[in-house]
Amino acid sequence: METVIGRAAACALGIALWAGGSALAATADHGKFKELQGPFASGEEVTRACLSCHTEAARQVMATRHWTWEYENPADGSKLGKKTMLNGFCIGDKSNEAFCQSCHVGYGWQDDGFDFSAEEKVDCLACHNTGGYRKLSGLAGHPAYERMEWPPRSGKFVEATDLARVAQHVGPTSRETCGTCHYYGGGGDGVKHGDLDSSLNTATRELDVHMAKDGLNFACSDCHRAEEHRVSGSRIAMTAADPHGPLVRGEKSERNPATCQSCHGDKPHKESLLAAGRLNAHTDTLACQACHIPSFARGGVPTKMGWDWSTAGKLTEAGKPFQKKDEHGHVIYDSKKGDFVLGENVVPEYLWFNGKVTWTTADTPIDPSAEVAINAYHGGPDDPDARIWPVKIFHGKQPYDVEHRTLLVPHTATPDDTAFWYNFDWPKALAAGAAATGQPYSGSFDFAATRMIWPITHMVAPKEQAVACRECHSRDGRLAGIEGIYLPGRDGLPWLRVAGWLAAAAALAGVLIHGALRILTHYRGK
């Protein structure tokens, strides 16, 4: 009977979490569940206890990209995902699994031998903890099970995680739990995206109208709705245009519930009839974010705009690695990683985007004489599915094979005699990384300039702080480089401009001549 009651309570909590969680009170106190009293020696033991009530949860998670780190690109059917993709930040996952997989929703993924079918490997606490839980980089997705020195050789120590206490205080997902990975991906707070960083945990209305602590106080799941643990929204296969009215919450639909239009509709402006019509007409050309996110990285956390791996490896005279910081205390050089370019309050760049993205992978031939596009956004002014989107353009410099002309994934993070962060030996690190990825490696390498596009869709400003008309409708405005549209204030036909001035001059001359004649005839009559 006790188990039945416990499972019923757990189901009730599950319904509350599915319904949104952030605004609902839990209907179960997990601290009273016999299965969660512990002690627990590992995360896997906690998961087995969770599954005694939430019987289908692990299988649901294992069918998602959060588990597989793999995704089929709908544009060409290629396999993408963190497991195999390249980026301009930490470059790649292969050979660095034990470090990178601190952001995996599982335990123990440290090499190709990881068992993706083992349900007890699913980490329930990663998303549902309410504090006191941290997966340490280098431990292949595990938290600390005993007091340990971390990072290695740092002289700093972390205490063992109280797994029973964490398990007894689980709750809905939150900005904090989602942000543990999505804020800190790429090596630090705000590094990758530019519109996602820890400042959103305590957001003001000026920073984000949806997540404002003194306003709507949205959790991530309020927009990124989940069904059977499948979370909506993807930067690999985005919804660039959603020209429809708002969805009713709970309505079954093939549409992406994380778009702006799914809540606001594609004609959201309600001002006076003339103003609303003019503004709503913009939605046929512009993504909502283009006007309503005037800048990113504006919460006090800088984002990386550039990363030069070619300068990594410099050491002090004593042969020790070092860091250099700017006047604000932000690292701008690290012996392990090279030089960084940081940005705050960054005005986005803009481009046409129809939701289709192609990617440069480890076996894609490159031209190192030009900047290599790690990803490319497609779309144009004649594409009905394309809109003008704000983006962050990240510039990198990373290793490539001179003979094979392919980008290389270095082995950097997991301590051994081939890891760059521990030996600062590029030839060894690149050879080890190539062996892990299965790439051919000639032994000859150099560094190529790269660029990577990141969509800007968070940090939505209040409507009164939206991009002003003049910021786009001018010759040197935000959309100066966007082709395929006629933009008043920026564009004009020279002959039409001359004809307009001539017409205005003729009208003025006519008025002056008419006035002079009236004056003359007035005096002649007298």
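**Chat about a predicted model**

Colleague: Which residues stay under 50 in pLDDT?
Modeller: Residues 1-23 do. The model has 33 contacts beyond four places in sequence for them. A contact means heavy atoms within 4.5 Å, and pLDDT is the predictor's confidence in each residue, from 0 to 100. Where pLDDT is low, the predicted coordinates should not be read in detail.

Colleague: What ground rules apply here?
Modeller: This is a predicted model, where local features need pLDDT of at least 70, side-chain atom pairs count only at pLDDT 80 or more, and totals for chains, interfaces and linings use all residues. Residues are numbered from 1 along each chain as its sequence is written, and side-chain values use heavy atoms, with hydrogens and water left out.

Colleague: What is the mean pLDDT of the protein chain?
Modeller: The mean is 91. Of the chain's residues, 94% reach 70 or more.

Colleague: How many helices and strands are there?
Modeller: The protein chain has 15 helices and 17 strands. These are DSSP runs, numbered from the N terminus: H or I of at least four residues for helices, E of at least two for strands.

Colleague: Now the core. Which residues touch the most other members of the largest nonpolar one?
Modeller: Phe353 and Tyr377, out of 43 residues. Such a core is a set of buried Ala, Val, Leu, Ile, Met, Phe, Trp, Tyr and Cys residues joined through side-chain atoms within 4.5 Å. Buried means under 20% relative accessible area, with a 1.4 Å probe and protein chains only. Elements that each supply at least two residues of this core include β15 (387-401), α14 (426-437) and β17 (445-455).

Colleague: And what does phenylalanine 353 contact?
Modeller: Leaving aside neighbours within four places in sequence, its contacts include Met238, Ala240, Tyr377 and Trp389.

Colleague: What volume does the largest cavity have, and what lines it?
Modeller: About 50 Å³. Among its lining residues are Cys90, Phe99, Cys100 and Trp421.

Terms used. 1 Å grid on protein atoms, 1.4 Å probe; cavity = no way out; pocket = protein on both sides within 12 Å on 5 of 7 lines; lining within 4 Å. Points joined across faces, edges and corners; volume = space filled by probe spheres on them. Buried < 20%, exposed > 50% of the residue type's maximum accessible area, 1.4 Å probe, protein only.
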